[in-house]
Amino acid sequence: MLTTTPNSKISSVQKPARLFRWLLLPIAVGLFSGCVQPMPKVQSFFEVTPQTAQHRALQTRMFDTSDEKELLSASAAVLQDLGFQVEESVKEVGMLRAAKERGAREYGQEIMQSFVFLLGLLGQTSILVPVDVHQQINATLVTRRSETDASRFSVRVLFHRSIWKGDGQSDRQYIPPGIQSLEMITDGKIYQQFFAKLSKSLFLEAHKI
Amino acid sequence: MNARTRLFAFSLVFLLQACAGGPQKAPKELLALNEAQMKIRSFQTRAFDVKDQNKVLRGVVASLQDLGFIVERANGPLGLVTAGKFGPNGHGFVELTVVVRAKGEEQTEVRVNALFNTKPIEDPKVYQNFFIAVERSLFNSRG
């Protein structure tokens, strides 16, 4: 039944490699589908979401003081203590913006990069997933007099994290470095720590809203 | 010069023509106001029955924080705020400039210009949503 010709022998040797190449395609597609995301709609940038109130509560504290200047300078001092560089301060609006730079290399990401690269080599293609190399933490702090009680001020601080990725490669296509992403930090502990430090430096209790 | 070289020179001239465009003139209507722009301006402007400009400015800043924007710059006396925000996973970037000015004796006017990936946003719904957020932070502020 089975007649083997020299030709089919060669192809049977090549078969596993070719099969692997075909298998690799869906894997690569699966991996990279995480990277390729459709452009978000413009409207989504201006919508108040159910999380908005939650975030506000997390990021805001009330202080029993009517001295806004003191509140701002104490906030600036706390940000300095945390290693931030104050970049913008506007007394009339009660606003501070500060930033700090940090490396963003993560162990897991580089292991993943090497794993995918090896997988790519087996399939005779070169895949280099970009990894995070640099990050900047931005803090925007705003003080505001309470609507109901003029002797109280609220402080709201937002921490954002921007991440810059290094370069990468997908087969023959080069992925340039510097792709940036930005996310709001929503970890309650970070905000709790900040307000604990602020109330300590003000000798005032921080009340939740 | 053989036929091949001649052909090469000829095609090269064609290719390089694109580079030598000469100085481009700015279009005449560059700074002219057309009807569409007037319409967009009306979407971008909203008057509030609040006398205190600083209060409105602070309301705008608070609403920007609500929407998760990074307030980049603010100027109290001029009533100016610039802010920016990235979309999920760094896709899309919105930046905006807000100007708060007095309108008559009793009102304050807020004008916002928003860009999406450096192109002006012309969708009125976007501006409506923004003003809803401002209104909320101006009149429903808690605490």
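The following dialogue explains how to read several features of a predicted model.

Reader: Which helices and strands make up the secondary structure of chain B?

Author: Helices (H or I, at least four residues) and strands (E, at least two) are DSSP runs, numbered from the N terminus. Chain B has four helices and six strands, and along the sequence they follow the pattern α-α-β-α-β-β-β-β-β-α.

Reader: Which residues of helix 4 of chain B are buried?

Author: A residue is buried if 20 or more other C-beta atoms lie within 10 Å of its own, exposed if 12 or fewer, and partly exposed in between, with C-beta atoms placed from the backbone. In helix 4 of chain B the buried residues are Val126(B), Tyr127(B), Phe130(B), Ala133(B), Val134(B), Ser137(B) and Leu138(B). Seen down the helix axis, they fall within an arc of 135° (taken from the directions from the axis to the C-beta atoms), so they line one face of the helix. They pack against helix 2 (35-44), strand 1 (45-48), helix 3 (53-66) and strand 5 (107-116) of chain B. In chain B, 28% of the 143 residues are buried.

Reader: How many residues does the largest nonpolar core have?

Author: In soluble globular proteins, nonpolar side chains tend to be buried together. A nonpolar core is a set of buried Ala, Val, Leu, Ile, Met, Phe, Trp, Tyr and Cys residues joined through C-beta atoms within 7 Å. The largest one here has 59 residues, and those with the most contacts inside it are Met95(A), Val157(A), Val60(B), Val61(B), Val71(B), Val81(B) and Val110(B). Two residues are in contact if their C-beta atoms, placed from the backbone, lie within 7 Å. Leaving aside residues up to four places away in sequence, Val110(B) touches Arg46(B), Phe48(B), Val56(B), Val60(B), Val98(B), Val100(B) and Val134(B).

Reader: How many residues of chain A are in contact with chain B?

Author: There are 36 residues of chain A in contact with 37 residues of chain B. On the side of chain A that touches chain B, the elements giving two or more residues include strand 2 (85-90), strand 3 (95-103) and strand 5 (132-145) of chain A.

Reader: How many bridges join strand 2 and strand 3 of chain A?

Author: Two strands pair if DSSP finds at least two bridges between them. Strand 2 and strand 3 of chain A run antiparallel and are joined by five bridges, with Ser89(A) opposite Leu96(A). These two strands form a hairpin with four residues between them, and Gly94(A) in the turn has a positive phi of about 70°. Strand 3 of chain A is also joined to strand 5 of chain A, again antiparallel, by nine bridges; there Lys100(A) stands opposite Ile137(A).

Note on methods. Residues are numbered from 1 along each chain as its sequence is written. Chains are lettered from A and ligands numbered from 1 in the order in which they are written. This is a predicted model: local features need pLDDT of at least 70, side-chain atom pairs count only at pLDDT 80 or more; totals for chains, interfaces and linings use all residues.
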